[in-house]
Amino acid sequence: MGELIFKQRKRNWCGLPWSFTIYSFDEERIFIEKGVFTKQEDEVRLYRVLDISLTRSFGQRIFGMGTIKIDSSDKTMKCFELKNIKNAKEVKEQLSQLVEEERQRKRITGREYMSDHEHDGYDDDFYDEHDHQ
């Protein structure tokens, strides 16, 4: 595992980090660690991230938090959330930048990171045409 760029506990409704869920990411992966006695750690490679969005409820805005929603082409973690994150807008932007950098570093094209979906609603012929121009 590389050096962590971000690490934060999931927070409760008023922003206190009273949770056993820890979110983190480095330059290549996002990690979600859960549990007290039995630990579970999931990870998603950044180049597999397809979409990142931010939701901020009224209560979250009052306490300076938000929920980052992530869609990926990962087999086990297709859609997941980083809930109640402090400074969520800045974290989302940082994560988005890292995703783009990782795709460029690995020279991932649209078809390569989208093709893991059995039916993703995209026409593969479109990607064939544009990837080879």
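Let me start with a salt bridge between R29 and D26, where the side chains come to 3.9 Å, N to O. Bear in mind that this is a predicted model. Are these two partners buried or exposed? R29 has a relative accessible area of 12%, so it counts as buried, the limit being under 20%. D26 is buried as well, at 3% relative accessibility.

Next, E33 and K39. They also form a salt bridge, and here the closest N and O atoms are 3.3 Å apart. The setting is as follows: K39 is exposed, with a relative accessible area of 51%, and E33 is partly exposed at 25%.

Now to helix 2, which covers residues 88-106. Both E102 and R105 lie in this helix, three residues apart, about one turn. Their salt bridge brings the closest N and O atoms to 2.9 Å. E102 is buried, at 4% relative accessibility.

Reading from the N terminus, the order is β-β-β-β-β-α-β-β-α-α-α. The chain has 133 residues, and buried ones make up 35% of them. Take the contacts between residues at least 6 apart in sequence: 40% of those join residues at least 24 apart. Finally, the surface. The chain exposes about 8600 Å², with carbon and sulfur atoms supplying 47% of that area.

How values were computed: Residues are numbered from 1 along each chain as its sequence is written. This is a predicted model: local features need pLDDT of at least 70, side-chain atom pairs count only at pLDDT 80 or more; totals for chains, interfaces and linings use all residues. Side-chain values use heavy atoms; hydrogens and water are left out. Helices (H or I, at least four residues) and strands (E, at least two) are DSSP runs, numbered from the N terminus. Buried means under 20% relative accessible area, exposed over 50%, partly exposed in between (1.4 Å probe, protein chains only). Contact means heavy atoms within 4.5 Å. Accessible areas come from the Shrake-Rupley method with a 1.4 Å probe; for residues, only the protein chains shown count as cover. A salt bridge is a side-chain nitrogen of Lys or Arg within 4 Å of a carboxyl oxygen of Asp or Glu.
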